[in-house]
Amino acid sequence: WIKHSRGWSCARSKDKVLMQPQGGAYKAPEPEPESEGNPVNMNNPYGDSKVEFSGGNLYPNSAAFSSPPTSTQAQASSGGGASTSDYEAKIVADICKPTGIKLMPRRDEVKTFLNRCQSLDTGVICRLLDRQLQSSSIKSQGKSLHVIAALYGVFGNRVTQYFQQNQGNLKPLTNSVTPSVRNKATEVMQMMGLLEVPQQQTPEPTYPSPAP
């Protein structure tokens with residue numbers, strides 16, 4: 001209680017009124033009982049709470065600290081989720097486009113194509129090139145024949161094995177009305193041993209008739 005000119009007034013401490021007891025003597029308020037549970041440890045204000053971390057990332061919800069994506073994830077996120085056969089179909093279609101003047105692709109195109117085929121399925125490549133032999137474009141047919149010949153020069157038996165079992169599109173081209181297509185188809189089949197090479201007949205020597 002505080003004494004002033006008009007009398008006594010009460011003061012507040014921690015939102016509790018300090019009442020003046022009977023007798024006029026001030027009496028301090030009794031301390032509040034401690035709350036149930038373990039006392040607060042000032043060295044560890046969070047008690048026994050534990051935070052588990054997984055993967056060594058102290059901030060699991062923070063994108064800034066996330067690990068870099070794997071090659072598969074990067075491919076999917078960049079729209080590169082196309083299957084391998086789609087990629088092979090694209091590079092075969094590109095090299096057999098019915099454009100240009102000649103019925104064969106450029107050397108640099110063939111070189112690039114063969115380098116890409118090193119990590120691809122040769123059987124799938126052969127099947128796609130075989131389909132190009134059915135094209136209505138003579139240019140696509142001719143380019144496909146040249147690429148098959150180049151592919152055979154690198155992969156050999158793997159190419160032969162396919163066309164031994166699939167001659168339906170290749171063999172008819174040996175009778176094509178276009179000489180360059182006919183000659184190249186014959187050459188491809190001969191180099192793979194699918195067509196006998198005609199033996200050149202040596203003309204018999206002629207001798208002059210004896211004088212009468």
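Visitor: What does the word "buried" require of a residue?

Guide: A residue is called buried when its relative accessible area is under 20%, and exposed when that area is over 50%. The model shown above is a predicted one.

Visitor: Why is phenylalanine 163 called buried?

Guide: Phenylalanine 163 has a relative accessible area of 1%. The limit is under 20%, so phenylalanine 163 counts as buried.

Visitor: What makes tyrosine 162 and threonine 160 buried?

Guide: The relative accessible area of tyrosine 162 is 15%, and that of threonine 160 is 8%. Each value is set against the limit of under 20%, and therefore tyrosine 162 and threonine 160 are both classed as buried.

Visitor: Which residues does threonine 160 touch, leaving aside those up to four places away in sequence?

Guide: Threonine 160, which lies in helix α6, touches Tyr152 and Met192.

Visitor: How do you know that the buried residues of α6 line one face of the helix?

Guide: Helix α6 covers residues 157-165, and its buried residues are Val159, Thr160, Tyr162 and Phe163. Seen down the axis of α6, these buried residues fall within an arc of 165°, so they line one face. In an α-helix there are 3.6 residues a turn, so residues three or four places apart point the same way.

Visitor: What lies on the face of α6 turned away from the buried side, and what covers the buried residues?

Guide: The face turned away carries the exposed residues Asn157 and Gln165. The cover over the buried residues of α6 includes α4 (122-132) and α5 (138-155).

Visitor: What makes the rings of tyrosine 162 and phenylalanine 163 a pair, and of what kind?

Guide: The count of aromatic pairs comes to 1. The ring centres of tyrosine 162 and phenylalanine 163 are 4.9 Å apart and their planes stand at 85°. Centres must lie within 6.5 Å for a pair, and planes over 60 degrees apart count as edge-to-face; the pair is therefore edge-to-face.

Visitor: Which residues touch the most other members of the largest nonpolar core?

Guide: They are Phe113, Ile125, Leu151, Phe163 and Leu170, in a core of 34 residues. Two or more residues each come from α2 (84-95), α3 (107-117), α4, α5, α6 and α7. The largest share, 7 residues, comes from α5. Among the residues that phenylalanine 113 touches are Ile91, Val92 and Leu151.

Visitor: How many helices and strands does the chain have, and what part of the chain is buried?

Guide: There are 7 helices and 4 strands, and the order from the N terminus is β-β-β-β-α-α-α-α-α-α-α. Buried residues make up 25% of the 212 residues.

Terms used. Residues numbered from 1 in each chain as written. Predicted model: local features only at pLDDT ≥ 70, side-chain atom pairs only at ≥ 80, totals over all residues. Heavy atoms only, no water. Buried < 20%, exposed > 50% of the residue type's maximum accessible area, 1.4 Å probe, protein only. Arc of directions from axis to C-beta. Contact = heavy atoms within 4.5 Å. Phe/Tyr/Trp six-rings, centres within 6.5 Å; stacked < 30°, edge-to-face > 60°. Core = buried A, V, L, I, M, F, W, Y, C linked by side-chain atoms within 4.5 Å.
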